[in-house]
Amino acid sequence: MTYKTRFQYLLDKARDIAQASGALNPQLPPLFFFTDPKRTPHPEDIAIHLPAGCGVIYRHFGEAHALQRARLLRKIAEDNGLTLLIGEDDAMAHEVEAHGVHLRQASQGRACDLRVKHPHLKLTVACHDMDSLRRLDGDSALDAVFISPIFASHSPSAANVTPLGAKGVRDWTALTGRPVYGLGGITYDNIASLHDSGLSGIGAIDAFHL
């Protein structure tokens, strides 16, 4: 199976999940590739294989040559019909003309200011507990929320956090009317189990390993 075939399957499943839930988000793709400097040190090698209609969230965590890599990812996105969001760094997003910014949970309070400062950017945020999700319910600045971890994950943010599981996701999506995406431990083998979850889409890291 080629990378494009595998990634197309993930995109099709993510879209099916959103459509089955009546939660397809018109503002953002149903499938996002999350980069990680350690697990995906060369995200451009993955992004080039993504089918049109996918998204990339570039999280550089201060890595060397981050701006150059962001520019390369922006070029790949432009050439291949992808949506590019930059993790945390709105200045970088503005400089490379990315489509938006993704915030970690600790930065949720930045959303309103970023909406005012960059009204054209798409804004998403990570959410790891129900109280944080409830607090976001009146925040119209956000285009989507990523809840995690859905399944057991290698991400540091998922350490000591009990995975929601396919059944637990529905409890979270029922808490808010905004688009909710799932993240954490989602792979080619388990994505189909989220079919009746209420999710608007999927984010993943390991599912895209080459």
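The buried residues of helix 1 are covered by several elements, including strand 1, helix 2 (43–47) and strand 8, where contact means heavy atoms within 4.5 Å, and where helices (H or I, at least four residues) and strands (E, at least two) are DSSP runs numbered from the N terminus. The structure is a predicted model, in which local features need pLDDT of at least 70 and side-chain atom pairs count only at pLDDT 80 or more, while totals for chains, interfaces and linings use all residues. Residues are numbered from 1 along each chain as its sequence is written, and side-chain values use heavy atoms, with hydrogens and water left out.

Helix 1 (residues 3–20) lies across strand 1 and strand 8 and runs at about 130° to strand 1; axes are lines fitted to C-alpha atoms, for helices over the stretch in contact, and angles run from 0 to 180 degrees between N-to-C directions. With 18 residues, helix 1 reaches 26 Å from its first C-alpha to its last, close to the 26 Å expected at 1.5 Å a residue, the expected span being 1.5 Å times one less than the number of residues. The buried residues of helix 1 are Arg6, Phe7, Leu10, Leu11, Ala14, Ile17 and Ala18, buried meaning under 20% relative accessible area, exposed over 50% and partly exposed in between (1.4 Å probe, protein chains only). Seen down the axis of helix 1, these buried residues fall within an arc of 140°, so they line one face of the helix; the arc is that of the directions from the helix axis to the C-beta atoms. An α-helix has 3.6 residues a turn, so residues three or four places apart point the same way. Just after helix 1, Gly22 takes a positive phi of about 65°.

The strands form a barrel, in which eight of them close in the order 1-2-3-4-5-6-7-8 with parallel pairing; two strands pair if DSSP finds at least two bridges between them. Neighbouring strands of this sheet are turned by 25° against each other on average, direction ignored. Strand 4 (residues 100–103) is joined by four bridges to strand 5 (residues 122–127), and the two run parallel, with Gly100 standing opposite Lys122 in strand 5. Strand 3 (residues 83–87) and strand 4 likewise pair in the parallel sense, over three bridges, and here Leu85 stands opposite Gly100.

A search of the whole structure finds eight aromatic pairs, for which rings of Phe, Tyr and Trp (its six-membered ring) pair if their centres lie within 6.5 Å, with planes under 30 degrees apart counting as stacked, over 60 as edge-to-face and the rest as tilted. One of them, formed by Phe33 and Phe208, is tilted, with 5.3 Å centre to centre and 55° between the planes. This pair links distant parts of the chain, as Phe33 lies in strand 1 (residues 31–34) and Phe208 in the segment after strand 8 (201–204), 175 residues apart. Phe33 counts as buried at 0% relative accessibility, and Phe208 is likewise buried at 0%. Phe34 and Phe146 form an edge-to-face pair, with 5.0 Å centre to centre and 75° between the planes. Phe34 lies in strand 1 and Phe146 in strand 6 (residues 144–147), so this pair ties together parts that are 112 residues apart in sequence. Ring pairs also link Tyr3, Phe7, Phe33 and Phe208 into a cluster.

Several loops carry backbone features of note. The peptide bond from Ser148 to Pro149 is cis, with omega near 0°, and Pro149 lies in the loop between strand 6 and helix 7 (165–173). His65, in the loop between strand 2 (55–58) and helix 3 (66–80), has a phi near 65°, a positive value in a residue other than glycine, and is exposed, with a relative accessible area of 58%. Glu97, in the loop between helix 4 (90–96) and strand 4, has a positive phi of about 60° although it is not a glycine, and counts as exposed at 57% relative accessibility.

Met92 is found in helix 4 and counts as buried at 9% relative accessibility. Leaving aside its neighbours within four places in sequence, Met92 is in contact with Tyr58, His60, Ala66, Leu67, Ala70 and Ile86.
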